[in-house]
Amino acid sequence: MDLGNLASVLRATRELRCRFQRLDFVYLNAGIMPNPHVNFRALWHGLLTGKLLHMLTTAEGIMTQTDRLNGDGLQEVFATNLFGHFMLVRQLQSLLCGNEKPSRLIWTSSSNARESAFSLSDYQHAKGQESYSSSKYATDLTSVVLNRKFNDQGLYSSVVCPGLVMSNMTYRILPVFLWKLLMPIMWLIRFFAKTYTLTPYNGAEAHVWLFKQKPEYLDSLVKYHSCTSGLGRCYVEPRKMDVDEDTAEKLYQKLLELEEQSLEKYHHLLD
């Protein structure tokens, strides 16, 4: 399934509804960061002002992306990182709600999710250069409002941050040879920046930890971060999210409107 292609999402969900009567867990993990650019001047300024460690752990002020429209006429990052998942959840609602045991949504967000990069008037982030950050903040908002609307139907939503993981997405930010030169430094940074999980195995710590928790006892306003100590011990750290619940509700209504427009276009793929 291609989460950046609505027809692909609708075909997959139709098949899932045929094959299953319920779903216990859905991990919402797809994500892209096209054409990333590093602002080295901002990095140098961070070094001089003592903000370098914060910038290296959140990418705040140092990462921009060049987004584009996808085949559905949506901003590609928004469509892949958020809206495709939203449509997936909505189409699978009958399998996720009203079951004997609670069902779970676990979204992969980011420490790069920032309110300053998000705007309700431009929720697809067509006019900005921080589409990744905007999409991840919108993910946090969406998870919050889904809990408010569906907890009483047995559906619970959680948000995790895998930390800085060396993946195919990360390797596109800088040339591979430069990453190889930087890796020893990054292992040292981990003594000061616990979110430098570096490997996919370490980055999945919060995803696996959440699998074992009772959702009724989790805080819907908390993001669960995968962390790794300087000596390599993996653990999970909950952190309160900087989200406004009124903004979350308004975004949800906008997503519902966009969903209605999209389903009109692809009505032939519905049951």
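**Core**

I looked up the nonpolar cores first, taking a core as a set of buried Ala, Val, Leu, Ile, Met, Phe, Trp, Tyr and Cys residues joined through side-chain atoms within 4.5 Å. Buried here means under 20% relative accessible area, exposed over 50%, and partly exposed in between, with a 1.4 Å probe and protein chains only. The largest core holds 45 residues, and Phe83, Leu96, Leu105 and Leu255 have the most contacts inside it. Elements that supply at least two residues each include helix H1 (6–19), strand E1 (25–28), helix H4 (76–91) and helix H11 (245–265). H4 gives the most, eight residues. I use DSSP runs for the elements, numbered from the N terminus: helices are H or I with at least four residues, strands are E with at least two.

The model is predicted; local features need pLDDT of at least 70 and side-chain atom pairs count only at pLDDT 80 or more, while totals for chains, interfaces and linings use all residues. Residues are numbered from 1 along each chain as its sequence is written, and side-chain values use heavy atoms, with hydrogens and water left out.

I then listed the contacts of Leu96, a contact being heavy atoms within 4.5 Å. Leaving aside neighbours within four places in sequence, Leu96 touches Leu23, Val26, Val89, Ser103, Leu105, Gly154 and Leu155.

**Sheet**

I checked the strand order, with two strands paired if DSSP finds at least two bridges between them. Five strands form an open sheet, E1-E4-E5-E6-E7, with mixed pairing. E1 and strand E7 (234–240) are at the edges with a single partner strand each, so one side of each has no neighbour in the sheet. From one strand to the next the twist averages 25 degrees. For angles, axes are lines fitted to C-alpha atoms, for helices over the stretch in contact, and values run from 0 to 180 degrees between N-to-C directions.

E4 and E5 pair in the parallel sense over six bridges. Leu105 stands opposite Ser157 in E5. Helix H6 packs on the sheet and touches E4, E5 and strand E6 (222–228). The direction of H6 makes about 155 degrees with that of E5.

**Salt bridges**

I searched the whole structure for a side-chain nitrogen of Lys or Arg within 4 Å of a carboxyl oxygen of Asp or Glu. The search found 13 salt bridges.

Arg68 and Glu76 form one of them, with the closest N and O atoms 2.9 Å apart. Arg68 is exposed at 53% relative accessibility, whereas Glu76 is buried at 16%.

Lys149 and Glu249 form a salt bridge at 3.4 Å, N to O. This pair links helix H6 to helix H11 across 100 residues. Lys149 is partly exposed at 30%.

Lys240 and Asp219 also form a salt bridge, at 2.8 Å from N to O. Lys240 lies in strand E7 and Asp219 in the loop between helix H10 (205–211) and E6, so the pair ties together parts 21 residues apart in sequence. Lys240 is exposed at 57%, and Asp219 is partly exposed at 32%. I also noted a network in which salt bridges with shared partners join Arg148, Lys149, Glu245 and Glu249.

**His85**

Last, I looked up His85, which lies in helix H4. His85 is buried at 2% relative accessibility. Not counting residues up to four places away in sequence, His85 touches Leu3, Leu28, Asn29, Ala30, Thr80 and Trp107.
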